[in-house]
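Let's take a friendly walk through this protein together. Have a look at the fold as it is shown here, and then read on.

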Amino acid sequence: SAGDAPLLSIGEENEFAARGGVIGLVVEDRKVRFEINTTAATSAHLRISSKLLALARIVHTSRRQQEAW
């Protein structure tokens, strides 16, 4: 079923990844960087390569945000 299919969510809203998205794009020092929420990735049935994780800032969904989803 579609509910079991892996789903990658990418956004550029403030704290997108910290609020439950998988990858959040952020601008820092005029450069685009990205954050990966490993908790959200696991929940979405995704595996993120170690090479990609090494380049990203790792964030986690707060308990309050998990309850809101």
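Predicted model: local features only at pLDDT ≥ 70, side-chain atom pairs only at ≥ 80, totals over all residues.

If you follow the chain from its N terminus, the elements come in the order β-β-β-α-α-β-α.

Next, let's look at what lies inside. Of the 69 residues in the protein, 28% are buried. The largest nonpolar core has seven residues: Val22, Ile23, Ile36, Ala40, Ala41, Ala44 and Ala56. In soluble globular proteins, nonpolar side chains tend to be buried together. Across the protein, 27% of the contacts with a separation of 6 or more are between residues 24 or more positions apart.

Now for the charged side chains. The whole structure holds four salt bridges, and Glu28, Arg33, Glu35 and Arg57 are linked in a network of them. Start with Glu28, which forms a salt bridge with Arg33, their closest N and O atoms being 3.5 Å apart. Glu28 also pairs with Arg57, and here the closest N and O atoms are 2.4 Å apart. This second pair links distant parts of the chain, since Arg57 sits in strand S4 and Glu28 in strand S2, 29 residues apart. Arg57 meets Glu35 as well, in a salt bridge of 2.8 Å from N to O. That pair also links distant parts of the chain, joining strand S4 to Glu35 in strand S3, 22 residues away.

Arg33 at 35%, Glu28 at 25% and Arg57 at 38% are partly exposed.

One more polar residue deserves a visit. Thr61 lies in the loop between strand S4 and helix H3. Thr61 is buried, because its relative accessible area is 11%. Its side chain makes a polar contact of 2.5 Å with the side chain of Asn37.

Finally, turn to the outside. The accessible surface comes to about 5300 Å², and 52% of it belongs to carbon and sulfur atoms. Leu8, Ile10, Leu25, Val27 and Val32 form a nonpolar patch there, with about 470 Å² of accessible area together.

Methods: Residues numbered from 1 in each chain as written. Heavy atoms only, no water. Helix = DSSP H or I, 4+ residues; strand = E, 2+ residues; numbered from the N terminus. Buried < 20%, exposed > 50% of the residue type's maximum accessible area, 1.4 Å probe, protein only. Polar contact = N/O pair within 3.5 Å; in protein donor to acceptor, adjacent residues only side chain to side chain. Contact = heavy atoms within 4.5 Å. Areas by Shrake-Rupley, 256 points an atom, 1.4 Å probe, with all protein chains shown as cover. Core = buried A, V, L, I, M, F, W, Y, C linked by side-chain atoms within 4.5 Å. Patch = residues over 30% accessible without salt bridge, like charges linked within 9 Å, V, L, I, M, F, W, Y side chains within 5 Å.
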